[in-house]
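Please keep the viewer open as you read.

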Amino acid sequence: MESELGFLVSVLVICADITAAVLGIEAEIAQSKQQQHHHARQQHPRHTGCGRSPSSGAFSEGVAAMVLLSIVHVTANVLGGCTYIRSKQDFTRATANKILAVALLVISWIFFAVSYSTLMLATLANSRSNRFCSLPHRWFFLVGGIFCLGHGLVTSGYYVSAIAAKKEDKENVQPANTSRP
């Protein structure tokens with residue numbers, strides 16, 4: 001039962017991150033179409049406000065991708081548990097699965113930070129507010145989407161290795177209260 005749940009969670013993590021990546025890529029396409037439409041309509045090169053044309057479709061798809069990415073990241077970290085190594089002595093006694101889980105947890109957070117921040121920058125650049133006029137927005141949805149794919153693979157690997165490390169820890173623990181006859 002536990003292995004079936006692990007497989008299901010891994011597949012859901014990967015599918016949700018693929019969906020977030022697709023949303024990011026679709027947002028990039030919507031943003032590009034809006035810019036092409038804006039440039040085709042302009043006959044005279046003049047700047048009104050900040051001279052950009054935000055795409056509401058790109059904005060909403062960017063928000064959806066960020067929300068989905070956050071849900072996946074939190075879910076995998078909560079279900080995978082807190083895998084850590086406190087000291088050098090813990091490191092020398094740790095199993096390969098535990099070391100792998102810790103490494104993938106760190107890499108997962110890096111992928112999350114990069115993908116979330118690039119999606120956030122691109123989404124803010126497509127907001128209607130003029131406060132974000134100076135934000136760069138070129139290719140950020142695409143980069144965020146690509147990092148979402150990497151996040152899915154790394155996070156799924158983290159979840160599987162964390163569950164395997166927990167299982168090994170349970171098997172290696174000797175009962176403290178063994179009564180002798």
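Which residues does G152 touch, not counting residues up to four places away in sequence? They are V13, I14 and D17, where a contact means heavy atoms within 4.5 Å. Before going on, please note that this is a predicted model, in which local features need pLDDT of at least 70 and side-chain atom pairs count only at pLDDT 80 or more, while totals for chains, interfaces and linings use all residues. Residues are numbered from 1 along each chain as its sequence is written, and side-chain values use heavy atoms, with hydrogens and water left out.

Back to G152, which sits in helix α5. Helices here are DSSP runs of H or I with at least four residues, strands are runs of E with at least two, and the numbering starts at the N terminus. G152 counts as buried because its relative accessible area is 1%; the label buried means under 20%, exposed means over 50%, and partly exposed is what lies in between, with a 1.4 Å probe and protein chains only. G152 also pairs up in space with I18: 134 residues separate them in sequence, yet their C-alpha atoms are 7.2 Å apart.

Now move along α5 to C148, which has its place in that helix. C148 is buried, with a relative accessible area of 0%. Leaving out residues up to four places away in sequence, C148 touches D17, A20, A21, L69, S115 and L119. From C148 to L68 is 80 residues in sequence and 9.9 Å in space, C-alpha to C-alpha.

C148 leads us into the largest nonpolar core, which has 13 residues; A65, L69, L119, F141 and C148 are those with the most contacts inside it. Such a core is a set of buried Ala, Val, Leu, Ile, Met, Phe, Trp, Tyr and Cys residues joined through side-chain atoms within 4.5 Å. Two or more residues of this core come from each of α1 (2-41), α2, α4 (96-125) and α5 (140-172). There is also a second, separate core of seven residues, with A16, V72, A76 and I163 among them. For F141, the partners beyond four places in sequence include G24, I25, A58, G62, L119 and N126.

Let's step back to the whole chain. Its pattern along the sequence is α-α-α-α-α, with five helices and zero strands. Of the 181 residues, 36% are buried. Among contacts with a separation of 6 or more, 83% join residues 24 or more positions apart. The chain exposes about 11200 Å², and carbon and sulfur atoms supply 65% of that area; accessible areas come from the Shrake-Rupley method with a 1.4 Å probe, and for residues only the protein chains shown count as cover.

What does the record say? An unreviewed UniProt entry carries the annotation "transmembrane region" for residues 63-87, 99-119 and 139-160. UniProt positions follow the numbering used here, feature names are shortened, and annotations may be inferred rather than shown by experiment. In the model, residues 63-87 are 72% helix and 0% strand, with 39 Å between the end C-alpha atoms. Residues 139-160 are 95% helix and 0% strand, and their end C-alpha atoms lie 32 Å apart.

On the surface, look for F59, V63, V67 and I71, which form a nonpolar patch with about 300 Å² of accessible area together. Patches are made of residues with over 30% relative accessible area and no salt bridge, with like charges joined within 9 Å and nonpolar side chains (Val, Leu, Ile, Met, Phe, Trp, Tyr) within 5 Å. V67 belongs to helix α2 (residues 56-80) and counts as partly exposed because its relative accessibility is 44%.

Finally, find the charged side chains of R86, D90 and R93, which are linked in a network of salt bridges. A salt bridge is a side-chain nitrogen of Lys or Arg within 4 Å of a carboxyl oxygen of Asp or Glu, and the count comes to two. D90 meets R86 at 3.5 Å, N to O, and D90 meets R93 at 3.0 Å, N to O. D90 and R93 are about one helical turn apart because three residues separate them in helix α3 (residues 88-93). D90 is buried, with a relative accessible area of 18%, whereas R86 is exposed at 67% relative accessibility and R93 is exposed at 58%.
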